[in-house]
Amino acid sequence: PTMVGLMAAQMIAGIQKPDSNPLAIPSRAAACAKHFIGYSMPRDGHDRSPSWIPTRHLYQYFVPPWQYAMKQNALTVMESYTETDGVPNVANPQALNYLLRQR
């Protein structure tokens, strides 16, 4: 999780880095951190499938990389269209409110 988080943080920083040219637009691009959260562990091994991630695994393996990434202030985030513990991420208050916005 640490290596993934460090790579994501550096990618975000590079994408959103202001141009050193004083005549340039202050920010040329907005990094989009995606897919929040649990996208990489589908239950059946297929893309766009529900995920079953126990809470301990969520906090141990999936949250740390996002913490690194969010410290770089990604300007946009795309939620995952999977499910975590049977709750679709698009309607998951723990994921969207607590983990993404408050933590």
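The conversation below takes up several residues in turn.

Modeller: Please bear in mind that this is a predicted model.

Colleague: Why is His35 called buried?

Modeller: His35 has a relative accessibility of 18%. Buried means under 20%, so His35 counts as buried. This residue lies in strand 1, and among the residues His35 touches are Trp66, Met78 and Tyr81.

Colleague: Why does Asn73 count as exposed?

Modeller: The relative accessibility of Asn73 is 54%. Exposed means over 50%, and therefore Asn73 is counted as exposed. Asn73 is located in the loop between helix 2 and strand 2 (76–79).

Colleague: Which kind of peptide bond leads from Lys34 to His35, cis or trans?

Modeller: That bond is cis, with omega near 0°. The bond from Phe36 to Ile37 is also cis, with omega near -10°. Most peptide bonds are trans. Ile37 itself is in the loop between strand 1 and helix 2.

Colleague: Which residues touch the most other members of the largest nonpolar core?

Modeller: They are Phe36, Ile37 and Leu58, in a core of 14 residues. Strand 1 (32–36), helix 2 (55–71) and helix 3 (93–102) each give two or more residues to this core. Helix 2 provides the largest share, five residues.

Colleague: Which residues does Phe36 touch beyond four places away in sequence?

Modeller: Among them are Trp66, Val77, Ala95, Leu99 and Leu100.

Note on methods
Residues are numbered from 1 along each chain as its sequence is written. This is a predicted model: local features need pLDDT of at least 70, side-chain atom pairs count only at pLDDT 80 or more; totals for chains, interfaces and linings use all residues. Side-chain values use heavy atoms; hydrogens and water are left out. A nonpolar core is a set of buried Ala, Val, Leu, Ile, Met, Phe, Trp, Tyr and Cys residues joined through side-chain atoms within 4.5 Å. Buried means under 20% relative accessible area, exposed over 50%, partly exposed in between (1.4 Å probe, protein chains only). Helices (H or I, at least four residues) and strands (E, at least two) are DSSP runs, numbered from the N terminus. Contact means heavy atoms within 4.5 Å.
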